[in-house]
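Thank you all for coming; please have the sequence and the 3D view ready, and follow along with me as I go through a few points.

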Amino acid sequence: MPAADPPHPAADRLDLADVLAALGHPVRLEIVRRLASGEEACCGEVVPDLPRSSVTHHLRTLRESGVIRRRPQGRRLYLALRRDDLELRFPGLLELVLACRSRPLDSECDEQPL
């Protein structure tokens with residue numbers, strides 16, 4: 001019998017430090033941006049081309065912090081941004097994070113540090 005999928009944290013249990021830590025990594029932030037439409041997407045559509053172990057780590061971090069919800073269906077894994085839960089718990093945070101400009105993962109940064 002396969003192991004049960006660990007539960008997603010309830011909206012009222014989301015922790016700001018955990019959410020910010022999850023969003024603070026460029027790969028995880030890119031995954032969140034790709035899910036920003038609010039539609040559920042297959043894992044392969046939103047995860048950058050990375051080794052499987054890295055993908056597993058980043059998705060687990062996002063799920064455990066409460067940023068995304070994942071739903072396995074057969075051999076596919078569907079992901080969705082928990083926009084409503086994040087907005088309920090931390091109003092405006094997700095919009096602020098998504099509005100911030102960041103450099104793409106494969107480019108050099110031309111901007112000077114603050």
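This is a predicted model: local features need pLDDT of at least 70, side-chain atom pairs count only at pLDDT 80 or more; totals for chains, interfaces and linings use all residues.

Let me begin with a question: is Arg83 buried, partly exposed or exposed? Arg83 is partly exposed, with a relative accessible area of 24%, where buried means under 20% relative accessible area, exposed means over 50%, and partly exposed lies in between, using a 1.4 Å probe and protein chains only.

Residues are numbered from 1 along each chain as its sequence is written, and side-chain values use heavy atoms, with hydrogens and water left out.

Now to the partner of Arg83, which is Glu95: the two form a salt bridge with their closest N and O atoms 2.4 Å apart, a salt bridge being a side-chain nitrogen of Lys or Arg within 4 Å of a carboxyl oxygen of Asp or Glu. Glu95 lies in helix α6 (residues 93–99) and Arg83 in helix α5 (residues 83–89), so this pair ties together parts that are 12 residues apart in sequence; helices here are DSSP runs of H or I with at least four residues, strands are runs of E with at least two, and both are numbered from the N terminus. Glu95 is also partly exposed, at 43% relative accessibility. Salt bridges that share partners join Arg69, Arg82 and Asp85 into one network, and the count of salt bridges comes to six.

Another of these pairs is Arg34 with Glu30, whose closest N and O atoms are 2.9 Å apart. They sit four residues apart in helix α2 (residues 26–34), so about one helical turn separates them.

In the pair Arg63 and Glu64, where the N to O distance is 3.7 Å, Arg63 counts as buried at 4% relative accessibility, whereas Glu64 is partly exposed at 47%.

Let me finish with the largest pocket, which holds about 280 Å³ of space. Of the 13 residues that line this pocket, the closest to its centre are Arg52, Val55, Thr56, Leu59 and Leu77; a pocket is an open set of points on a 1 Å grid over the protein atoms alone, where a 1.4 Å probe fits, with protein on both sides within 12 Å along at least five of seven lines, and lining residues have an atom within 4 Å of a point. Helix α4 gives the most to this lining, with six residues.

Key. Grid points are joined across faces, edges and corners, and a volume is the space filled by probe spheres set on the points.
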